[in-house]
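User: I would like to learn how to read a protein model. Can we go through this one in short steps?

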Amino acid sequence: MARAHPDIATLAGAAARTIADPFERHQALTSVVQALAATGQHQQAADIARTITGNYQQSEALTYVAKALAAAGQHQQAADIARTITGNYQQSEALTCLVGTLAEVGQHQQAADMAKESADIACTGTNDYEQARALTSLVGVLTRIGQHQQAAEIACTITDSKQRAQALTAVVTALVTAGRYQEAVGLARTITDTFSQTYALRHVVEALAAAARYQDAADLARRITDKYQHAQALTSVVEALAAAGRYQQAVDLAHTITRAYSRASALTHVVEALAAAGRYQQAVDLAHTITRAYSRASALIHVAKAVTPTGHHQQVADLALEATDLARRITDKYQQAEVLTSIAEALVTAGRYQEAVDLAHTITDTKLAGDALTRVAQVQVSAVEALATAGQHQQAVDLACTITVAIEQTHALLSVVEAMVTAGQHQQAAGLFRAITTDYYWQTHALTSVVEALVTAGHHQQATDLAREATDRARTLTESYMRTLILPGGVEALAAAGQWRQAVDLARTITDTEPRACALTHVAKALATAGQHQQATDLAREAAELTRTLTDSGQQDRALTFLVKVLAAVGQCRQAVDLARSIIDAGEQGYALTHVVEALATVGRYQEAVDLARTITPTHWHTHALASVVKVLAAVGQYRQAVDLAGTITDAGGQGRALTHVVEALAAAGQCRRAAELARTITDTGEQDRALASVVQAAATTGQYQEAVDLARTITDSGQPSALASVVEAMVAAGQHQQAADLAREAADLARTLTGYYQNDSALTCVVRALAATGQDQKAADLAGEAADLARVCKEPPELEGFALITVVQAVAAAGRHQLAAHLAGTGTGPEATALISVVKAMAAAGQHKQAADLARTITEPDRQTQALLTVVNQCKRPAEKTLLLAEALALGDWMQVLAQLPDLAPEALEPLARSLLSQR
């Protein structure tokens, strides 16, 4: 309904009333109301709104009309409509909207009167949460229009102490923004919740510092009693002073901070500011005043990195030497290695590659030395990539050849190859690709992407030649295991080049049955993608016959499952079902049939999909299959059918997950209110929180920040911090950094009020991630360091031993600070192994598969190392890479763990791994 017209609107209203389902009818009528109100047909909109029978739905529709009238300047009519709304909260919301519009046109007395009326109506409600929400919303509007006194008075009437503290903090924030600092301090001191009061005061300190009122800020910071907030507030003043170039004042104030960790952090901020301003000697002198060797060395490294772009490489070398001497005095081998590695990275950035490598070799711990060399190599790889991107291909190749870590050198050279292909230098790219001999696995790993680039550029023959050459080279390998790993990559490359016949011929040369069937299946998949469905089907049948010759039933089942997926993808659903029915294992069969159900639903064959789903016997896959149909129905807007189907799922958790799909679809379509209403019908608390969180994220993504925050606050305490964090991330993406930073701090304050280890897990993750997202990296790192120290000394019940440390490490890893997280985790045993696994998972999710695998290998307990390697496998995209890591996991001996997870990770890879490893025993 792009443009409302009376006749069309009448017809639309009549048509809406013919809808039998009440929920859909209300939604249709509400849409008519919205369209009419938006185009100025307010009376008609109100008339139709009053025909809606549900109180909540009618109130919602009338609220749309009242808001439209207010926006059009028809304030009296808007007020009249608002006063007919029966729901206390909805009526208060509509009147609150009028408060803002009246103030905008200068009718301040009327706005104040309307605000009082809105508050009185909200207070008549019996639902404490809705009352607090309505009053908090009103406080927000009043603060935006500068009515701080009235906002404070209304905030004080909120009965819930937490909501009252939040509302008063919002007024404090508004007063600070208006420059009314003294009033802000006075109001902050009326907040009874100690933590909220401290937070509000700290916010005033930061605002005073930002306004260059440094003395006032420092004086107020000193009056904060909480030790942590006291130190953080003073640090914020130090940062502001340093940023303003008032370095001596910053230093003097930093030295008054009693907490050693915070004092070192504050001084480091000043060192960085001095270095950034080009005052390198002063920065060095100040760094020398830091007492701890680790902190002083880190500060000197900051200066070295700042000096590097100036080209004063000797000065960088001198600073590196001094930092190196300090590093030798550090007794903790991990801290020492971290400092030495950072120095080596600085040297690489300055172009002193050999010195960097030599320094890395001085690290006594073999593993840590290897990590350092890898990081040095990765910096070199980045330099190679930058040169290649800039078109300086020969210089990039020359630099790549100096890299001492073979696999990183291969990555660097391959990045040059890809840059050459992008630049159209296909002949040179092919020549360099052929020259790479250090690592056949990674060369083949990247082969398909290079061939695809050549095909895209129209160089089909060159792509074919390159794929053939690579596969010919693979045939010369003496290790049958490596040959089995690499040849499928050549098959994929030939298929990518459109050389179907050659790809099939090469696949048939693979001696092991399962990888040969897998390779043929990949060609079938490529044919299907190219629209060659008949050829794809024929090849899939051949692969199926080959698979049936496998003697191990488990391997056969998993291989058949992969084929079922391909057949379903090309629309051969009947054949896919028949093939799936031949799978012996009930769980594997359910998994395969679920893929067919998804394929049927995707092409609109919903009833067939539902009928097939109901035949699946394992409860888990039965539920999963029905939920997949629910998801598709919701995605195409058939929300009622989706909700009805979800209602047939008997398992509460499964039903909750299915309804969450509908909630997410509604939220993605902009129907956040309806999505929230449906989410609240979910009986499983965890799923309800997840559903509501998805609505919060959708609302925040579309700029509805206040609505998102309000909804986030309805989630149970343990889920609130992460929901608020999603709003922070949306604000950051939209460039609203200050508001995001404020909300991040609010989330942190909320997190600290929670009790229980699981709540703290969510809270800490929220704090570190939100701080990092808003650019407060140093604060995030400081908080993580302090939390780790506390975690190591806390006494917990035996069943939760080490949980605090794990929580901190997970939070740091989630913020992307992987190296720090690994260092905090410590050695790879006991609870620390669990912490390391979380870092491995974060690295793998960020695409750092090699580094993640290396870290996983430091875990000494075989079963935990297996678990860590499997998390890397879960993120790998290429079958060959998955296969190699799965082989390593299997070789550790914990077969049951791998077998238990393999159906979800890579069912097609099990048979060749199992046979190859067994043959080596």
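This is a predicted model: local features need pLDDT of at least 70, side-chain atom pairs count only at pLDDT 80 or more; totals for chains, interfaces and linings use all residues.

User: What share of the 921 residues in the protein chain is buried?

Analyst: A residue counts as buried when its relative accessible area is under 20%. The protein chain has 921 residues. The buried share of them is 55%.

User: Which residues have the most contacts inside the largest nonpolar core?

Analyst: In soluble globular proteins, nonpolar side chains tend to be buried together. Here the largest nonpolar core has 146 residues. Those with the most contacts inside this core are Val270, Val303 and Ile343.

User: How many residues are in the second, separate core?

Analyst: This second core includes Leu520, Leu560, Val577 and Cys672. It is separate, and its residue count is 92.

User: Which residues does Val303 contact, leaving aside neighbours within four places in sequence?

Analyst: Val303 belongs to the largest nonpolar core. Contact means heavy atoms within 4.5 Å. With the sequence neighbours set aside, the partners of Val303 are Val271, Ala275, Tyr280, Ala283, Val284 and Leu319.

User: Is Val284 buried or exposed?

Analyst: Val284 sits in helix H17, residues 280-287. Beyond four places in sequence, Val284 touches Leu300, Val303 and Leu319. Its relative accessible area is 7%, so Val284 is buried.

User: How far apart in space are Val284 and Ala299, C-alpha to C-alpha?

Analyst: Along the sequence, Val284 and Ala299 are 15 residues apart. In space, their C-alpha atoms are separated by 8.1 Å.

User: Which residues of helix H11 are buried, and on which side of the helix do they lie?

Analyst: Helix H11 covers residues 181-188, and its buried residues are Tyr181, Ala184, Val185, Leu187 and Ala188. They span an arc of only 165° around the axis, so they lie on the same side of H11.

User: Which helices do the buried residues of H11 pack against?

Analyst: The partners carry residue ranges 148-155, 161-177, 194-210 and 214-222. In that order, they are helices H9, H10, H12 and H13.

User: What is the relative accessible area of Val171?

Analyst: Val171 lies in helix H10. Residues up to four places away aside, Val171 touches Val139, Thr143, His148, Ala151, Ala152 and Leu187. Val171 is buried, and its relative accessible area is 0%.

User: How far apart are the C-alpha atoms of Val171 and Gln149?

Analyst: These two residues are 22 residues apart along the chain. The separation of their C-alpha atoms is 8.8 Å.

User: What is the phi of Ala212?

Analyst: Ala212 is in the loop between H12 and H13. Its relative accessible area is 42%, so Ala212 is partly exposed. Ala212 is not a glycine, although its phi is positive, at about 70°.

User: How are H23 and H24 oriented to each other?

Analyst: Helix H23 (residues 393-400) and helix H24 (residues 406-422) pack with their axes 9 Å apart. The angle between them is about 170°. Angles over 145 degrees count as roughly antiparallel. Therefore H23 and H24 are roughly antiparallel.

User: How many charged residues are in the contact of H23 with H24?

Analyst: H23 brings His393, Ala396, Val397 and Ala400 to the contact, and H24 brings Gln409, Ala412, Leu413, Val416, Ala419 and Met420. By class, eight are nonpolar and two are polar.

User: Which residues of H50 meet H49?

Analyst: H49 and H50 pack at about 170°, with axes 9 Å apart. That makes H49 roughly antiparallel to H50. The contact has six nonpolar, three polar and no charged residues. From H49 come His849, Ala852, Ala853 and Ala856, and they meet Gln865, Ala868, Leu869, Val872 and Gln875 of H50.

User: Which residues does Lys565 touch, not counting those up to four places away in sequence?

Analyst: Lys565 is in helix H32, residues 553-569. At 24% relative accessibility, Lys565 is partly exposed. The residues that Lys565 touches are Tyr591 and His595.

Terms used
Residues are numbered from 1 along each chain as its sequence is written. Side-chain values use heavy atoms; hydrogens and water are left out. Helices (H or I, at least four residues) and strands (E, at least two) are DSSP runs, numbered from the N terminus. Buried means under 20% relative accessible area, exposed over 50%, partly exposed in between (1.4 Å probe, protein chains only). Axes are lines fitted to C-alpha atoms, for helices over the stretch in contact, and angles run from 0 to 180 degrees between N-to-C directions. Angles under 35 degrees count as roughly parallel, over 145 as roughly antiparallel, 65 to 115 as roughly perpendicular and the rest as oblique. Ala, Val, Leu, Ile, Met, Phe, Trp, Tyr, Cys and Pro count as nonpolar, Asp, Glu, Lys and Arg as charged, and the others, Gly among them, as polar. A nonpolar core is a set of buried Ala, Val, Leu, Ile, Met, Phe, Trp, Tyr and Cys residues joined through side-chain atoms within 4.5 Å. The arc is that of the directions from the helix axis to the C-beta atoms.
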